[in-house]
Each structure stands twice: as C-alpha cells, then as structure tokens.
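Hello,

Here is the structure we talked about. Please open it first, then read the notes below it.

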Amino acid sequence: MTDTAALVAQLAARVQHLEDTLAVTELLTAYGPAVDSGSAEAAARLWIEDGVYDVDTGIMRGHAEILAMVRSAPHQRLIRAGCAHILEPGHIRIDGETAVATNKSQLIAGGPDGFRVLRITANRWELVRVDGGWKVARRTSRLLDGRAEARDLLARGVGPAQW
Amino acid sequence: MTDTAALVAQLAARVQHLEDTLAVTELLTAYGPAVDSGSAEAAARLWIEDGVYDVDTGIMRGHAEILAMVRSAPHQRLIRAGCAHILEPGHIRIDGETAVATNKSQLIAGGPDGFRVLRITANRWELVRVDGGWKVARRTSRLLDGRAEARDLLARGVGPAQW
Amino acid sequence: MTDTAALVAQLAARVQHLEDTLAVTELLTAYGPAVDSGSAEAAARLWIEDGVYDVDTGIMRGHAEILAMVRSAPHQRLIRAGCAHILEPGHIRIDGETAVATNKSQLIAGGPDGFRVLRITANRWELVRVDGGWKVARRTSRLLDGRAEARDLLARGVGPAQW
C-alpha cells in the first residue's frame, strides 16, 4: 500500500467516527420534536423493534408500548396543554458497534399559572449500529429529585472510558 | 481513476456533509447569545438579506426588521431584566443546497419572583447554502401552548425524509 | 505531490477541524452530568491543571478548588434536592491550538414548590489543545440578571471572527 493509500484508509476511519457521532446526535434530537408533536411512529422508530424505554414511571418494551405511551390520554393531555421535552446535547461515546449517550432533559408544560418545569430527568441512551445507522436499544431515564439512582446514571456516562 | 482517487472523492463528499451539518449547528447556536446580548447585527446576519422570521407574535422580513426587533423597547426591557433564549440542538437534514433544522426553544426571563419560563417555542429553520456557508431563509416559530400549528411544524421536521 | 496526495492532505486538515469541534462538544456536554451527579474528578479534569473557573459567585483556580466546590455542602445540598445544570450546545470557534465556545446554561433545582429555574448563566469557555485533546483553560460565567458584563461575554462570542 502506498503512503497515500494508507493515509486514505486512516482518514476513512476518522470520518466514520465523526459520522457515527453525528448520527447519534440526529437520533437524540428527533426524540423531543416527535413526542411533543404526538408523532408516535417517529418516536418509536428511534428504538430497535424490541428496544426498551425504562423510565421511573414505568417500563416500555418494544415499539407497540412506546407507541401506546405517545397515544395515551395523559400524554395527549400534556401536548394539548402545550409541552416541550427539551434535551441537552448528549455526551456521546462510540465503541465500535455500540454507543452510549448521556444527557439531561426537562419537561416544561403549560398550565393555569403559565409554563412550569414538571420534570428534570437523567438519561442514559444505549445505542446499537443497525443497517449502517443507529437505533436506541435501551434508554434509562430517572427523575433528578435527589435519588441516588439518577446521579449514578449520569456519573457512569462521564466516568473513565472503560464503561 | 485509481481506486484511491475514487475513495478520496467519496471521502470528500462525506466530509462536505459533515461540514454542512456543523455549519448549520454553528448558525443555530449563534442565535441565542446574539439576541440575549442585544447583538442586533450578529442576529440579523444569520438570515439572508431578504430572509423571513415568522413568529406567532408577528412576521419580520429582511435584516432591517430583525434588527428593529432586537433594538425594540420590549426586547431591550427583556434583556435588562435578564433573559435567556435557550435552544436545543437542532434535528438537521441537509438536502444539497438547502437544509431544514427542527428544534424547540424556551425563553426564560427574570422578574420579581425570580426566573420564569415565559415561552416554549417550536422552530423550523429553512436554510440555504450561500457562498460556501449557510444562512437562514425562513425561520417559523410557534408557541407550544397546545395549538396544532406548532405541533405540525415539529412533526414535519421528524417525519419520513421526503420533506 | 500528485493531485490525489494534495487532496488527501487538504481533507486531513478538514477532518481535523471537524474532530476539534466535536471534541470541544464532548468536553462541554460532560460538565452538566458531572456536576449534577457529584462526580468531582470528572468535572475537574475538564480543566487543565491550573485552569480557572470564574463565576460571579467566586473564582476557582486549579483542580483542587473545582473539586472542593463540587464536594462543598451547598453543592451537595443542591444535588440531594435534585438539580440539573442544563447547557445549550456551544457556539464553537476553533483557532489552531485554542478555541472559544459560547453558550448559556440554566440551573434547575427541586424545592417545596416543585422545580424552579434558580439561575440563567452566560458562559465563555476558553479552551486549549493539550496532548491531542482539548481542555478548559478558563471558563467565565455570569448571571443573566441584566448586568452588562454577562451580555458582553455573549456578544464577544458571536461577534466578527477576529476575536
């Protein structure tokens, strides 16, 4: 292999890593607009078919249960009152065919006294490469109300790289 | 063309796509600091000269009207009380010479009872490539107070790719 | 040098710039999860050993003082009540071996009346390339309560590029 060919191969690996990071970002940034607009399919398809969304208020397994959550009466009431699931950019660590993104989100909703922050949530997104793209295998979300579990989830995402 | 030259041409296209995505991110991340600091020119020049900023509270056409909004008495009162237009990372879709970014923003402002969330807003940014960079051609922003229009705008940004 | 070799060298520089931008993003996105989980070491090591964190409430110099802040009684009370330091994506400008990122953050914390926005803060992150990575040399943070100093800090980050 010539020097140029070797450099090109190395560059291709670096570009792949950048593409992976931005693909994970695209995935995360689609979640908020999807749930706030009631786009149930757009939300569910961010997960693999049997993906898990494990929230302190309940656990959803697979597309059907995520679709049902978005279509549920409580969620529909929330979006009719006006709500925004605002997500920070994720702290993203790619490791070959899997990745972890860690971030926080807040749920702001309209009510009689104006907009209020209803929740602040710690999120751990465990992702897998699928068909050249990325999907969520498991998202774990815990209310940041002082519980150790929520802090542990954030600490794990920013600790030494051998996660 | 040799194999290496073909691979290099393909890599160049992939790098261009990454650069486009990050350039759109740079554009979006400049908006909040610009309006919160009263940097009228820095805000206006994110748009093309005849760009449109269509908000539920009024429509601005061209740099002069965007400059006037930042310099207006209501906006100046807001920044003197302390305010933050906090923007999520955008969900970005590049399509050649145009792009669409979808996100939500919140307006937090100081007042007698401390900081309050005054608005949560759905945003659709329609962007065009100009002189090798990117500018906003039209930004449409709608209050997330339950109105269908705001939800539609978010749904459109995360739906199937044929937008 | 052949045309292909020249193109490869140019591509390598463009990929380096993209990597720098994403490395700065990784640094910024680690801060919130680190302080909200009380991960003192993970927070401190975002700075160079003698890095400065200059906040309106006090100035910290070097890792020991940043570690002490995270471990302090006031900060520990905050995380036990539940808190989220939510950061916007940064507006990032790389200039060779240094970079500046500008963004806003909010501190949301739990209390008897639910979650409240305690602070909105303007941030200027001055970064340096170290051992192939990036670290914070100085972060300047000012409360957005109308003080000119906070606005100036934001304006500087989005003004004409000759900063």
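**How the copies are arranged**

Chain B can be laid on chain C with an RMSD of 0.0 Å, by a turn of 120° and a shift of 0.0 Å along the axis. The superposition is by least squares on the C-alpha atoms of residues with pLDDT of at least 70 in both copies. The two copies are thus related as by a three-fold rotation axis. They use different surfaces: 20% of the contact residues of chain B recur in chain C. Two residues are in contact if their C-beta atoms, placed from the backbone, lie within 7 Å. Chain C can be laid on chain A by a turn of 120° too, with a shift of 0.0 Å along the axis and an RMSD of 0.0 Å.

This is a predicted model: local features need pLDDT of at least 70, side-chain atom pairs count only at pLDDT 80 or more, and totals for chains, interfaces and linings use all residues. Residues are numbered from 1 along each chain as its sequence is written, while chains are lettered from A and ligands numbered from 1 in the order in which they are written.

**Where B meets C**

The contact takes 35 residues from chain B and 28 residues from chain C. On the chain B side, H1(B) gives the most, with 17 residues. Helices (H or I, at least four residues) are DSSP runs, numbered from the N terminus.

**Helix H1 of chain C**

Helix H1 of chain C covers residues 3–36, 34 residues in total. H1(C) is followed by Gly38(C), whose phi is positive, near 70°.

Best wishes

Methods
Helix = DSSP H or I, 4+ residues; strand = E, 2+ residues; numbered from the N terminus. Expected span 1.5 Å × (residues − 1).
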